[in-house]
Amino acid sequence: MDLAATIVLNGLTLAALYFIVASGFSLIFGLMRVVNMAHGTLYLVAGYVGYRVFEPLYDADVWWAWYAGLAAGIVAAAVAGALLQWVLLSWMQGQELRQALVTIGVSIIVADQVLAIFGGTPRQFFAPDAIFGSTRVPFVGGYPTFRLVQIGIAIAVGIALWLVLNRTRLGMMIRAGVDDREMLGACGVNVPRVGIAVFALGAALCGLGGVIGSTAQPLALGQDGRFLLISLVVVIVGGMGSITGTAIGAILVGLAEQIGQAMFPTYSVILTFVIMVAVLALRPQGILGRA
Amino acid sequence: MRSAAFRAIGALLLVAAPFLLLVVLPQNQALFWTANVLGRAIVFGIIALSLSFLATYGGFISLAQMMVAGSAGYAVAILVDGAVPTIVGGVPYALAMPIALVVATLMGLLVGAVAVRTRDIYLLMITLAVAMGVFRFVETNIAWFNGYEGIRNVVGPQLFGTDFRNPYVFYYVSLVVAALLYGGVLYLVRTPFGLVLQGIRDNDRRVAALGYSVKLHRIAAFGVAGFIAGAGGVLATIYNIGISPGTIGLGPTVNVLIMSVIGGLGHPAGAFIGSLIFTVFDTFAANIYDRDRFNTLIGLVFLVIVLVSPDGMVGLGTRLRSLLGARRAPQP
Amino acid sequence: MLSVTDLHVRFGEAHILQGVSIAVGRTPLAIVGRNGMGKTTLCQAIMGLVRSSEGAVTLAGTPLTGKLPYQVARSGVALVPQGRRTFPSLSVHEHLLLVARTRDAAWTIDRVYDTFPRLAERRRNGGTELSGGEQQMLAIARALLMNPTLVIMDEPSEGLAPVIVDQLIGVLRTLEGDGMGLLLVEQNLRVATEVASEVSIMVTGRIATTLPAHVLAADTEIQRRYLGVAAGGHH
Amino acid sequence: MTTTLTRRRALLGTAGIAAGLATPLAAPAIAQGAPIRLGGLTTLEGPFATGGQDAFRTVQMELERINYTVGGRRIEFIRESSNAQADVALARARKLIEQDNADIILGPLSGAEGIALRDYSRTLTGRTIVNGSSGASDTTLRNPSPNFFRFSTDGTQWMAGLGRYVYETLGVREVAVTAGDYAFPYAQVFGFNIEFCRLGGRVTQYWAPLGTTDFGAQIAQINRSSAGALVIVHGGTDGLAFMTQYAQAGGQKPLIAGSIMADQTMLAARGPHRRVMVGMVSGGPIADVIDDPDWREFVERYRRRWLNEGGFPSPSIHAVNYATNLWGILKALEAVRGDLSNNQQAFQRALAAAEFKAPTGANVKLDHNRQAISDIFLNRVEERDGRAQVVAFARANAVNQTLGLPEAQFLALGAPSRDNAGCVRPS
Amino acid sequence: MTVPALSLRNVSRRFGALQAVRDVSFDVMPGERRAVLGPNGAGKTTLFNTICGDFPPSAGSISLFGRDIASASAHERTRLGIGRTYQTSLLFNGLTVLDNLFIAVRGLMPNRFSFLRPRRDDTAMAKARTLADRFGLAPLVAEKVVNLSHGQRRQLEIGMALAGDPKLLMLDEPAAGLSPGDRPGLLAMLHALPRSVTLILIEHDMDIALPAADIVTVMKDGEVVVEAPPDRIEDNPIVQAIYLGSGLAGGGH
């Protein structure tokens, strides 16, 4: 019983991380129709830049070292995302495949440069003790606090995204842009700038995920491909461009991974893909995707 | 007329390449170029051809082609005699290789069926996800695929009393296979199936309205591409003396796309041009730049090609030719 | 106010606009013509939604050619597109919030709700929950609320019930008083001739003729020749 | 022989083709005056790049020390790198041999690559491949190649003595084993279990696919189990992930570790895992602190050369393995005075006969499969000089590839795998 | 009693809150020429697409020669005898004119899925050439469609719709974008169609629709508002109201 509860809780905390990362992917895809194959790369950039800021502060035993790393990671990813859109992608708007190819090229180069600059040693962030210890959870017992924090952050991200999309002018622009980019421009909205803003926002979410993820799991090369794939699968399962769908997709994938690991460890990874193919067969647009 | 002559010269060059290399290079380097640059480029060109076929004539950018090629490679490795570890074993190459082609064709059909309702970037995403799912399965399954280590010692058959991996035998077998498949693609695209496939590329709704089943043709196209990729996969597996999950991982999967794009997705020849460029870079990156930073180098080449000439080297060539032609035109 | 000079638009080999020149002054100009003659392309070209290959568009002397749609919009042009193109994800009220900029302009959200009470009733409803007529009203309101120098309307009467059409004509007639120019593309001859003082007839990518609205309204022969229909078949 | 080559070229092909058909890849012999071409192959791309970089550090250091000269001949060192994938390693090895004309390859780094190169070496005549740091048992145990030599020990050997220590000294009768689901951990777990189960210990196995980064479910199960100790056989990123999450989940069990767990790549990383790692016992071919003058001298040299150029506080396992294998090559080259003629036959005989002390002070010699028989250290992680260090506290001498079992009996156990983890109970 | 070629009963189609087609019922008898008129947005094309099977009706039944086809897919309906054109030209731009026609001809032949190239005496290819001749495209057979003019595309479009010898031909605004000079040719082509073919024509332009039709259906806001012979259409006050707006100054009231 308590083992089952722990595994479900593990699945949900993992889902929280996946949601944070994939929501950025989904957002960018939803408005820009860009399959950002460099999404995992943004995760890496956030992790490594954040770590560069975090490390000396942590050595100096500053309590806000982690928060500084978090902020640096988010900013780095947002800037990288905005640059990607501004410099490379904006002038080939509408050429979806070409954009996907460009992001593939960028991801190859950046991953290699990250290796050149930071080396291949795995790293990991350490959150302040307040959120890094262990907390008693009913039915589960002692449970890593940070994993609970992850859920909290994911919920906060979900609510914040909902508020941004539904209660702000930017959100109206984003939703209108998903419906009809041309008409949005004809309404006097600077669509290229909204595009850069969306890219920055999506990348910032990925950056948030990057630092959170690199606190829960090691930060190393290879995580870029992993989180790109997870984002793909989550978004395919949940539905392209739907935030609620992304949440559902993340929960399914996270639970599948953890339950799979407990029950048939060898094939835990496969379960995820089985779910994906099943969804594709029954509902190609994803669970909450628009046809 | 001129282009026909060009083509004939090109074919002749390819056939004579091993001899020509001996003229300009020391023998061991000529052998190396024959097998490990040209031969390897042809083998990976075949795999890239399967993608170029789908992309050029169907408009499908599939990232599953390396995985499909790998399925054929694994089929051979699992079946043949002498592979380590022995999983099924005992099957001669003459039988294992056709079975492998069937496996790859079926795998292609399966990918086609899974992705049949998606297009464009959705298709790209879904084929990538399917390919990575198979990759992870192969990597974790010991019973059939020997997991992370893969299957070794797939040395290939004896051909004309000679070892298959003899550079010349390998080169000419690959060349003949590539030529057959290339010719087959050019033949196929003028058949009703090929024309309908191009119709689907241009306008799938209209194809349906004319009485064709779009799904059937799409899935069949993936089957054909699977067959092509399978041929490449079998050759690649023998070339590599075995196969491991790394062969069908994210890197190689993207590499096939890179080859096709560098060469140009507008024409099946682009696959081979792209794979040759890629192979040369891959082999001599250490001399050109710095071995360690090979990925930066190839990434930059890829990015520049995508930015400058979306239709790759083939497109660049066409554009240059029309530019030259335009300049030459006023003279007579 | 708006001046279009020798405008050409090509899609590949297709030459859609073959040198269109029009001028819209303070009074509304209507353009009529059969389907497929390039009327909608003209609207899109002025708005910057399609690229012109030759020619110039200026608004009160400011060149608009080559500008992006949002820049054209900010220069003072608003478009009511064909097919309405409201945003399904936005509620009625959000449509208005999206474009409403200033409080003290001629058109405010309050005035929109006064003018189109039906929209006020449905202010919380999403774009997909509106009927065709309601969507059309919303598209018009969206354009007016931008308080542009010039409104381009591409078949605003499409899908409207007759009583609403009458109301629409009433609204369009007030625009001149607000200092707004109007370029009206219509199939409905009555709307065109009642709102505009001059009507241009478009045939295969060119302006065939421009004539006073009352002349066109009365001349069944011209109607038949250019439009394929004529008012009152019994003469 | 050079003249022959020229004449072949003059004959424009036919003779060359004939030669090519005769042997898969004809190998021209090398003139005595030319330098010996040593190809180095390691992993400088992808996730394993750190180990590969460190490996080349010691190789460069040792070649500098002898001024790139051995037995009167110059050594030309040609660097190549793979990304830890077998087919990439193979392509690079082919380039080294066929394009760059390398006489000897030193490499590769990882298990699957090693097996691929072993297979490739079989097709060569007059060329030799000497292992870098790859540690799969089968590379030399089953179906060995006459052209492949390994002076470093394999993953199974590295666990020698550990099972006995846990059972007899720690008095633990039941352990939980968490390990990566691929060949290298199989070999290590196999080595541990062979001893531990023979003594009567019980093992519960938890496998995790390579690349697992969230061990939550597994740790929950382990912490609830009755095991008296936890054996961790993960490496690299997976290892760091496991240790961090284990520490966070409040794990309390005594820790036993595989060889690449108790390593400076792990100990140099910051974090809570270091707290639980102190006191952890492991087995392996090296330790940071070994009470041996040769080792102290080697570490000192490494530090002087590399500490300011990105090196670790003490050389990593890959660095030591590459150095050991390089020493084997140098030793043999010295013995034959750099003579690689006659298809390297004399050189290969000298390699097979080489006996020397590894940088760690361990004695090295080869068995009939050209696989090292060497000493293995039992290590403990201790806090020394304000940092965590791996300290050797015992040594198993002359451990062979079958852990002392008769070869036939050992081979009869079958190759290590998930389903064959070496836990054979005494009957 | 003859079975209608096409019979619609209470066909409706909605998109969200938008009722694009509302309760449409009519019969088209074999050999009949029917024109469907109406302003933009009246639901003509939606009705067309519903009949051709691009999407199912939200309600109602459609039968073709007495056979219920409401749930049949587009290609099945084609095989049952519907041939159609599209409002915006949907041709295969990357293929030649001949290949476009060839695909269209083969779509209704047995063995339409084939990996073999057509032989020299292939009947489908011969028929494609005949069609090219018939629609004045003979000099252009080797030209890629992307290089054709608008008028040539419309010709090809109709040629392709006729390629399968449909029993029911549905043309969606064939005159759209044609220059006045091209119109008589179109009309002549429509008149030349054999009576074995039933024709439904969406047209905006009365000059084409009225001479071509036996009977005219006028739609507005998704509903059928008038059904009458062509000579009664221009006078019809509802039609005038729709097209010109009621109470137009010059109108005949």
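**View 1. Chains A and E, and the other chain pairs of this predicted model.** Chain A and chain E are not joined by any contact (heavy atoms within 4.5 Å), and their closest C-alpha atoms lie 13 Å apart. Chain B and chain C likewise do not touch, with 15 Å between their nearest C-alpha atoms. Of the 6 pairs of chains in contact, it is chains B and D that share the most contacts. Residues are numbered from 1 along each chain as its sequence is written, and chains are lettered from A in the order in which they are written. Because the model is predicted, local features need pLDDT of at least 70 and side-chain atom pairs count only at pLDDT 80 or more, whereas totals for chains, interfaces and linings use all residues; side-chain values use heavy atoms, without hydrogens and water.

**View 2. The two domains of chain D.** Domain 1 of chain D comprises 17–153 + 293–374, and domain 2 comprises 157–290 + 376–411, bounds that come from an automatic or database domain assignment. Their centres, taken over C-alpha atoms, are separated by 28 Å, and the contact takes 28 residues from domain 1 of chain D and 29 residues from domain 2 of chain D.

**View 3. The area buried between the domains of chain D.** About 2300 Å² is buried between domain 1 and domain 2 of chain D, 58% of it given by carbon and sulfur atoms; buried area is the accessible area (1.4 Å probe) that two parts lose on being put together, summed over both. Leu141(D), Thr153(D) and Ile317(D) supply 26% of the area that domain 1 of chain D buries against domain 2 of chain D, more than any other three residues.
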